[in-house]
Amino acid sequence: MYLDHFGLNRPPFKITPDTRVFFPGGSRGEILEAIIYAILSGEGIVKVVGEVGSGKTMLSRMLEIRLPETVDIVYLANPNVAPGDIMHAIALEMGLKSDEVMETGPGRLELLHKLQTELLARHADGRQVVCFVEEAQAMPLETLEEIRLLSNLETHQDKLLQIVLFGQPELDENLDLPEIRQLRERIVHSFSLAPFGVEEIREYIRFRMQGAGYRGPDLFTTRAYRRIAAASLGLVRRVNVIGDKALLAAFAANSYQVSTREVAIAVSDSEFGRIKQRPRTRRGAWVSGIVASLVVLAGLGIYLGAFKSEISGLPGWDRIVGMMAPAPA
């Protein structure tokens, strides 16, 4: 809708990962090269952790492009795989015949042998197999442990199956559990996708605008970039959502500049901009009520104490106190 208005040849902020506009800033380029090195070196398990919308999927798409043709990639996009099914899933992704993989066919040890035979054949042909596990934080711990066992398949010099775990920060919490410590010890390379800062967001937006054909001066004001950084928390997907809606707001106002006004409109029209603070739970409200009551009682006690000190000298005070004292048992 706004493409002609700003001289663009395609939308600059699509949230679908587009490898044509991979942004190497924010250490993404360095991490990509490091993962490629880790995979080709073929040692241990690689872990990539980042918040929702930080760019993990884009990295996996870039790896698919940048890795040599001799590397076969196996995708496990569904994390809800039972431990007994993970080998079947990998075997199917590797192209083994379905009748060789079905649970009604070979048992676990037999299937493991078929996988090892296939991996050895590919290794002999000079090929390498790497398995990308998406949303690894949601995978059952028993399934992750089964993946660790698959990483034991190796020759005297090389691993037959390289594994890359992509997950949210909860993956680190799972790996800290004692029952999964053997998998943690097999992770030899660990990468974290940090959120973008204000300057990185500025570079990213300019990069995406230029990738979409824009050749004019910077459309976004300095304060607009700061507002985007605060609202997006530095997450790439949120930056894309805000950028797209802000351009639309500027187009609707017949403006050729994006200020904090357009950014505010974009944020308010976004789902994440709707949540201002964490809603109070019933337990939280109950606790707050108790705290408030204790404060009132404490204040009342101070007041009564002061009142007592004022009237203690009045005639008859001792008799009143005696009347209020509890009766002996």
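Q: Hi! Is L233 buried or exposed?
A: L233 is exposed, because its relative accessible area is 54%. Here buried means under 20% relative accessible area, exposed over 50%, and partly exposed in between, using a 1.4 Å probe and protein chains only. This is a predicted model, where local features need pLDDT of at least 70. Residues are numbered from 1 along each chain as its sequence is written.

Q: Where is L233, and what is its phi?
A: L233 lies in the loop between helix 11 (222-232) and helix 12 (236-252). Its phi is near 60 degrees, a positive value in a residue other than glycine. Helices are DSSP runs of H or I with at least four residues, strands are E runs of at least two, and both are numbered from the N terminus.

Q: OK, what about E135?
A: E135 also has a positive phi, near 50 degrees. You'll find E135 in the loop between strand 3 (128-133) and helix 7 (141-150). E135 counts as partly exposed because its relative accessibility is 32%.

Q: New topic: which residues are buried in helix 6?
A: Those are L111, L115, L119 and R122. Seen down the axis of helix 6, the buried residues fall within an arc of 75 degrees (taken from the directions from the helix axis to the C-beta atoms), so they line one face.

Q: And which exposed residues are on the face turned away?
A: That face of helix 6 carries the exposed residues L109, H113 and A124.

Q: What follows helix 6?
A: G126 does, and its phi is positive, near 80 degrees.

Notes: This is a predicted model: local features need pLDDT of at least 70, side-chain atom pairs count only at pLDDT 80 or more; totals for chains, interfaces and linings use all residues. Side-chain values use heavy atoms; hydrogens and water are left out.
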